[in-house]
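Hi,

Here is the structure I promised to pass on to you. Could you open it alongside this email while you read?

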Amino acid sequence: VSCTAIGNVVPESWTWEDATSTDFTSLSSAANKDTSLTIPDVSPSHDGIYTCTADYGNTLGSNTGEVNILVQYIETGPSDVNVVHGSSATLTCITNMPPINFMWYKDDVIMSSPSLTSPDSLTSLLTLAPADFPHTGVYKCSA
């Protein structure tokens, strides 16, 4: 996430905070009129409004800007399923906000043409039918 100061004066310092006033300045870098915030290992807890503040010193004061970070994540992923040979299995993947698309993986390899349905914009269903021995593996989804 980046924040830019507009005008001729370069800020003396920058700070970043979230809505709970947690200081994220240690995760930021600044150069002249720009600062950027990098959050490693983003998780759902990072969802929310972040404020960047440009401090111009005692005589000029400070200016703030806000950015709302929306973290997309998988709420429900496929769970362990035991399937009888010849029957069908449906694996479910649900996200917290509509994705551009869902991707399904079998044994960490992207599936090229899976049988998918989407009952709504937050859900992807992968159906394996009829189940056969080549279907055995670890399935994952991403959004």
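First, the ground rules. This is a predicted model, where local features need pLDDT of at least 70 and side-chain atom pairs count only at pLDDT 80 or more, while totals for chains, interfaces and linings use all residues. Residues are numbered from 1 along each chain as its sequence is written, and side-chain values use heavy atoms, with hydrogens and water left out.

**Overall form**

The protein has 13 strands and 0 helices; these are DSSP runs numbered from the N terminus, with helices being H or I of at least four residues and strands E of at least two. The C-alpha trace spans about 75 × 25 × 25 Å along its principal axes. The radius of gyration is 23 Å, whereas a compact globule of 143 residues would have one near 15 Å (taken over C-alpha atoms, with the globule rule being 2.2 Å times the number of residues to the power 0.38). Of the 143 residues, 25% count as buried, meaning under 20% relative accessible area with a 1.4 Å probe and protein chains only.

**Strand pairing**

Two strands pair here if DSSP finds at least two bridges between them.

Another hairpin comes from β3 and β4: 2 residues lie between the strands, and N32 takes a positive phi near 55°. β3 (residues 28–31) and β4 (residues 34–37) are antiparallel over 4 bridges, and A31 is bridged to D34 in β4.

Further along you will find an open sheet of 4 strands in the order β7-β8-β12-β11, paired antiparallel. Its edge strands, each pairing on one side only, are β7 (74–76) and β11 (116–117). β7 pairs with β8 (residues 89–95) over 2 antiparallel bridges, and T76 stands opposite I94 in β8.

**Cores**

A nonpolar core here is a set of buried Ala, Val, Leu, Ile, Met, Phe, Trp, Tyr and Cys residues joined through side-chain atoms within 4.5 Å. The largest one has 13 residues, of which W14, W16, L37 and Y50 touch the most other members. β2 and β5 each supply at least two of its residues, and β5 gives the most, with 3. There is also a second, separate core of 9 residues, including L91, F102, W104 and C141.

**Largest pocket**

On a 1 Å grid over the protein atoms alone, a pocket is an open set of points where a 1.4 Å probe fits, with protein on both sides within 12 Å along at least five of seven lines; lining residues have an atom within 4 Å of a point. The largest has a volume of about 390 Å³, that being the space filled by probe spheres set on the points, which are joined across faces, edges and corners. Of its 19 lining residues, V81, V83, H135, T136 and G137 lie nearest the centre. The lining comprises 11 nonpolar, 6 polar and 2 charged residues, where Ala, Val, Leu, Ile, Met, Phe, Trp, Tyr, Cys and Pro count as nonpolar, Asp, Glu, Lys and Arg as charged, and the others, Gly among them, as polar.

Happy reading, and best wishes

Conventions
Buried < 20%, exposed > 50% of the residue type's maximum accessible area, 1.4 Å probe, protein only.
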